[in-house]
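Colleague: Could you take me through the open sheet and the helices that pack on it? I want the strand order, the pairing and the angles.

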Amino acid sequence: MGRSSALAVSLATAAVLAVGGLTTSPAADSERGATNAAPAAAARSAAATASGHWVNTWTSMPQPTEPGNMPPAPFTQPGKVLADSTLRQTVHVSTGGSRLRLRLRFSNAFGGADLPLTAVSVALPADGRAGTGAVQPGTTRKVTFGGRASTVVPVGAQAVSDPLDLGLRPGSNLTVTLYLADGQASDAVTSHPGSRTTSYMTSGNHVDDPDLGGAATTAHWYFLSGVEVLSKPAGAAAVVVGDSLTDGRGSTTDGNDRWPDRLLARLHARPETSGVAVLNQAAGGNRVLNDGLGPNASARFDRDVLAQSGVGWLILFEGVNDIGTADATEAAQRKVAEDLIAAYGQLVVRAHAQGILVYGATLTPFGGNSGYDDPDGHREAARQTVNRWIRTSGRFDTVLDFDRAVRDPERPRRLREAWDTGDHLHLNPAGYQALADAVPVRLFGPRRPAPDVGLR
């Protein structure tokens, strides 16, 4: 069997396992109980498997929450978070449909206690906007878990909701609202601080309220880590592993103009790639080799890439924080470059073993950055060593030359001035558009080549 066929079989097998959890409608399950719903669930599972498979349409990398990123007062108390509180969040999905089945994933990966979710709903946000506290009337749907309205997510675990029906346009926004009657009894919670999207919090149960406009706000996501849709058989996702340059530092709050968002728009402008999802699994301060803000890319790879639904491609764009935080000496920078190259090779092997194509992106300039650029140029030398290997090693299925796309032609150690946020490391929305434009969309077509799984 060819590798492309093997990938299709692998995705189909994953779909059989994933769809096996389908239930009847939430209302029916609530009345009859989850046990009585099993025969109907099996029938729906078989029908769904024949028509498609589950693909993540949105993700956020789960992270431990630092004190400064906890929910604002009074929603954080000593030893308890979000007690008797409603949390409303919006997310920007990749793929959708006029009538599709979706399900949610909630993470307690870094929680210090069980996470009890009392009630959950989804809806379409008012005017389709990101970061709004209002929803479109008549679009609210209750979310269930095994036919129950509530669930408890154990420490270190995740919970997957029952599928539900909701029309959702590709590239649109979705509102998810949670109510926690008891809150989470811990000072350690799971979140994604770099949401660049406004979330709303208010006391009491307001899961079904049409507007939380007067609620407290914060620009973080909590607990929600994924949204899946039942996709056509050819549907697949591209996962991006990265740091703050992918998480979107310098992008517009509630603007969804990170470079993966811009890449999604380019993909969906072509019929051949309109079914591709783009999953952002990046975090500010993240590193490949050592933990930073969140676990390192090597440690989180199974959870954030291999365990995601329907993955066909991986874009690896990370390493600048490893170089920037290593000592600015020739020996230290030589070692970090060697270690990065070895780690990249490991990630390629692990992805290829699952039939996932890996596209390596060169590291972008940081010349002039007060924290990373050293006067003797040792860190720049490490960046050039790493980029040379990415371009010439042949280990990646394709190379995306992000360095070339955004560097200043006259001063190649620096970003183009027009795209520099001012810290000489991060890009503004125009710069992120340039990164997205540097990705050939043909790489995500339906006839993708088999990954190179040789022993190089």
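Predicted model: local features only at pLDDT ≥ 70, side-chain atom pairs only at ≥ 80, totals over all residues.

**The open sheet and its helices**

Modeller: Start with helix H6, residues 297–306. Helix H6 lies across strands E19, E20 and E21 and runs at about 160° to E19. Residues are numbered from 1 along each chain as its sequence is written. Helices (H or I, at least four residues) and strands (E, at least two) are DSSP runs, numbered from the N terminus. Angles run from 0 to 180 degrees between N-to-C directions, on axes fitted to C-alpha atoms, for helices over the stretch in contact.

Now the sheet. The open sheet has 5 strands, in the order E20-E19-E21-E22-E23, and the pairing is parallel. Two strands pair if DSSP finds at least two bridges between them. Strand E20 (276–282) and strand E23 (398–400) form the edges, each pairing on one side only. From one strand to the next, the twist averages 25°.

Look inside the sheet next. Strand E21 (residues 311–317) pairs with strand E22 (residues 357–361) over 4 bridges, in the parallel sense. There, Ile315 stands opposite Tyr359 in E22.

Helix H5 (residues 259–268) also packs on this sheet. Helix H5 touches strand E19 (236–242), E20 and E21, where contact means heavy atoms within 4.5 Å. The direction of H5 makes about 175° with that of E20.

Definitions and conventions:
Heavy atoms only, no water.
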